[in-house]
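Work through the exercises below with the sequence and the model open. Try each task before reading its solution.

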Amino acid sequence: MHVIGGSASTALAERISRELGNAPFGIPFTKRFPDDELYLRVGGRLEGDDVVIVQSTRTDQDLMELLLLEDAVREAGVRRTFVVVPYFGYARQDRRFFPGEPVSARALCRHVELDADAVITVDLHSATTLGHFHKPAFEASGIPALARLLRERPVDVLVSPDRGGVDRARRMAQLLDRPWFALDKKRIDSEHVELSLPSTGLVPVEGKHAVLVDDVITTGGTIVEAAKLLKRQGVGAVSAACTHGLFLRDAFERIKAVTDEVYSTDTLGNPAEKASVAPDIAQILLREFPS
Ligand code: R5P
């Protein structure tokens, strides 16, 4: 099995290749044409082999690079192509909210799977997205990677900043054998939220180390408000852990100002990237597609 890392996921791709028993690893040669179109070329002898392409689609350019990589690998006459999209962009528009809108997540699934034999992604925004694939598709979770890291830290309680994240906080709590609860969140707009303590299920946090668990940190609005709320309850320390750390604009600095630690997985490059999902992705590849 060969592993090819796109420019958005080079480090994670290399980690996956190590988890696959030091599978041959490479990155494509790329350059931009004068009109800014992307040129790329994959190297090595890939004919007849299985190839894993790893590329997050955080930006439209990342997506274009992934589509070109898939075509290049197919042209190389490979046996099977496994496409790993650690951060699957456009997944939040998972349904049509108003007439005239696309189901963006579905559009991406159709195109990403076109030249793939299987797709693997991590913590999709919504469970329905996996159903848009017609080829085998698998969703790894960032929670085990974060739990492997947090097991070494003095964590007392796990907190989901909203009801939508209940399953993640519960799973992390089970892995760490700690209690958990979820805050209530009301979104005001794309950058502002209002958070409150739940009427039931609250775990006392006074003097404790609470870890906020979320799938994605984007503007940081949710985590900043959640950390402030927990501090008002007298929490001893508060940390933030997420699978996908986008940290738009000054989000990372704003979160650092109100938390003790910030942890993210390596689905996207960022300053909090301390846990790797490479073992979890490699496990799916080895389990589902033994050579
Ligand atoms: C919400 O459904 C998600 O789980 C995150 O809580 C949210 O997307 C985080 O966004 P932001 O960092 O902009 O508050």
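The exercises cover the ligand site and then a salt bridge.

This is a predicted model, in which local features need pLDDT of at least 70, side-chain atom pairs count only at pLDDT 80 or more, and totals for chains, interfaces and linings use all residues. Residues are numbered from 1 along each chain as its sequence is written, and side-chain values use heavy atoms, with hydrogens and water left out.

**Exercise 1.** Find which residues come nearest to the ligand.

Solution. Step three: sort the shell by type, which gives 2 nonpolar, 6 polar and 6 charged residues. Here Ala, Val, Leu, Ile, Met, Phe, Trp, Tyr, Cys and Pro count as nonpolar, Asp, Glu, Lys and Arg as charged, and the others, Gly among them, as polar.

**Exercise 2.** List polar contacts (pairs of N or O atoms within 3.5 Å) between side chains and the ligand.

Solution. Start with D214: an N or O atom of its side chain is 2.6 Å from a ligand oxygen. Next, T219 places a polar side-chain atom 2.6 Å from an oxygen atom of the ligand. For R187, the corresponding distance to a ligand oxygen is 3.4 Å.

**Exercise 3.** Identify the salt bridge made by D266 and say what the pair ties together.

Solution. First apply the criterion: a side-chain nitrogen of Lys or Arg within 4 Å of a carboxyl oxygen of Asp or Glu. The partner of D266 is R15, at 2.7 Å from N to O. Then locate both: D266 lies in the loop between strand 15 (261-265) and strand 16 (273-275) and R15 in helix 1 (residues 10-19), so the pair ties together parts 251 residues apart in sequence. Helices (H or I, at least four residues) and strands (E, at least two) are DSSP runs, numbered from the N terminus.

How values were computed
Near = heavy atom within 4 Å. Polar contact = N/O pair within 3.5 Å; in protein donor to acceptor, adjacent residues only side chain to side chain.
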